[in-house]
Each structure stands twice: as structure tokens, then as C-alpha cells.
Amino acid sequence: GAGKTRVLFLGDSFVGGYTVRRDHLFVDVRERAWKSEGRDIEIVNAGLQGYSTAQQLLWLREHGAKFRPDLVVLFPFENDIWWNGSGDYVGEPKPRFDVEGELDPSPLTELSRRTWCGRTAVGSLGRLFDSLPTVDVDGAEVNAEFTPRIVEPPAETAAAELVTRQLVAELADECRALDAKFAGAPTPSKAHVRRLGAGNPTEMGKMDAARPHALFVDAAKAAGAARVNLLDAL
């Protein structure tokens, strides 16, 4: 309605609230807090478990206009970086963009049929952990989702980082087309938060838990987006 501000939150399970009771979901808590201050603000929750930045961009392109947002806030997480460079998510096909922001035109294959257990939350998590890819780093198998923490990441991760930066720029362009402001609010990892008070955030000189968060902050800045630093509250 007239005078109402509509904010669209993009993200994965952190935003969608996977396994979180509805009244505890931070999206709803934030909306209640704004309304308690007398602000006429509505938040649209567009978070979905397993979505990376590529899928969030495509969702905004397809559905964003119908919500007529005044502000779009992206809540990326460190594991989004690896999956942004991948054409599948734990064995299931997903959209993929290149470093120029072009979508791979190859049609996605049909999703595999799941057993009744695989359709449950517990079964879904078990399948996820069994299917996570690893990358060889100096002879050690490292969970691919953690490789953006590596100070000198392997080639696959470095390529995924370039794609991620381009996706954030594409999101900014899409928001401009929607006449909406755009902000990035990267979700810090537990490893990052635990090292906030440390003088040296590195692990064995090769890992930096702050690195993925810094990438998203820098990408948002380069795209001309506002940045929300969630670390201030932690």
C-alpha cells in the first residue's frame, strides 16, 4: 500500500529458516522489530535451502518485479562461492554462469527420484553430507566448500570466486532495473566469528576464515551496493 516499504531478502537456509521455528526466524524477528518502531515495513522472505547466488539471481529476474521491492538484501554465505562455480549441487543439476555473467544454455536434467527417507529433513541432510565434494590441497582432501578460506585457493575455487563477483554485479544491475536499492549482508561463518578477537586470523598460515566474507563485502562495494556488516552485532 501507499507509504509501505517492501524489503526482499535473498538467501539460502539461513534466510529460509531451515529447521528454525517460525517465530524465531530472524527475518520475522526483524520485521516485528521494525513494526514495533512504528515503521510500515514488510519483508518478503525469498530464502531457499541450497540456493547459491546464481539461483538467487535467476529467481530475482523471474519473480522480483511482481513483489515491487524498495530494497533487496542479499545474505550470502561462504559455501555459496564454491557452488557458484558448479553445475550441480550434491549431484543434482543447477544453473551455472560464467565469469562474463552468461548463463550456461545447456538444459538441466530431471531431478533424481528420492526415497521416502530422502524426502525428509534428516534424510536430506544425510545425503548432503555424503555427497559434498573435496579438493586436493597439498596432498590433503579439503571440503570444497571451505576452499575459499585458502589464502591461495586452487584453480577451481579461484574461478568460482570470479563468477561470484560477477553474480553480485548482475544482482546490482537487476535491482537497478527494478528501481530498488541493493544491499549485501554476508553471513559470517562460525570460524570467522571465533577469530574476531584473535590477533592473527590465519590457520597454519594457509587458511583465513575471514576471506570469504571479505570477498562478498568487496564484491558488493564494487557493484555500488550498500553493505550491512553483521559482524558488528557479533
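Good morning. I begin with helix α6, whose buried residues are Thr 157, Ala 160, Glu 161, Val 163, Thr 164, Leu 167, Val 168, Glu 170, Leu 171, Ala 172, Glu 174 and Cys 175. Please keep in mind that this is a predicted model.

Against what do the buried residues of α6 pack? Their partners are the strands β1, β3 (71-75) and β8 (181-184), together with the helices α3 (53-67), α4 (79-84) and α8 (211-222).

Just after α6, Asp 179 takes a positive phi of about 60°.

I turn now to helix α2, residues 26-36, where the buried residues are Val 27, Asp 28, Glu 31 and Trp 34. Viewed down the axis of α2, these residues fall within an arc of 125°, and therefore they line one face of the helix. In general, an α-helix has 3.6 residues a turn, so residues three or four places apart point the same way. The cover over the buried residues of α2 includes β1 (5-11), α1 (13-16) and β2 (41-47). Just after α2, Gly 38 has a positive phi of about 85°.

Finally, the protein as a whole. Its secondary structure comprises eight helices and eleven strands. Of its 234 residues, 43% are buried. Among contacts with a separation of 6 or more, 70% join residues 24 or more positions apart. The accessible surface is about 12,900 Å², and carbon and sulfur atoms account for 53% of that surface. Thank you.

Key. Residues are numbered from 1 along each chain as its sequence is written. This is a predicted model: local features need pLDDT of at least 70, side-chain atom pairs count only at pLDDT 80 or more; totals for chains, interfaces and linings use all residues. Side-chain values use heavy atoms; hydrogens and water are left out. Helices (H or I, at least four residues) and strands (E, at least two) are DSSP runs, numbered from the N terminus. Buried means under 20% relative accessible area, exposed over 50%, partly exposed in between (1.4 Å probe, protein chains only). Contact means heavy atoms within 4.5 Å. Accessible areas come from the Shrake-Rupley method with a 1.4 Å probe; for residues, only the protein chains shown count as cover. The arc is that of the directions from the helix axis to the C-beta atoms.
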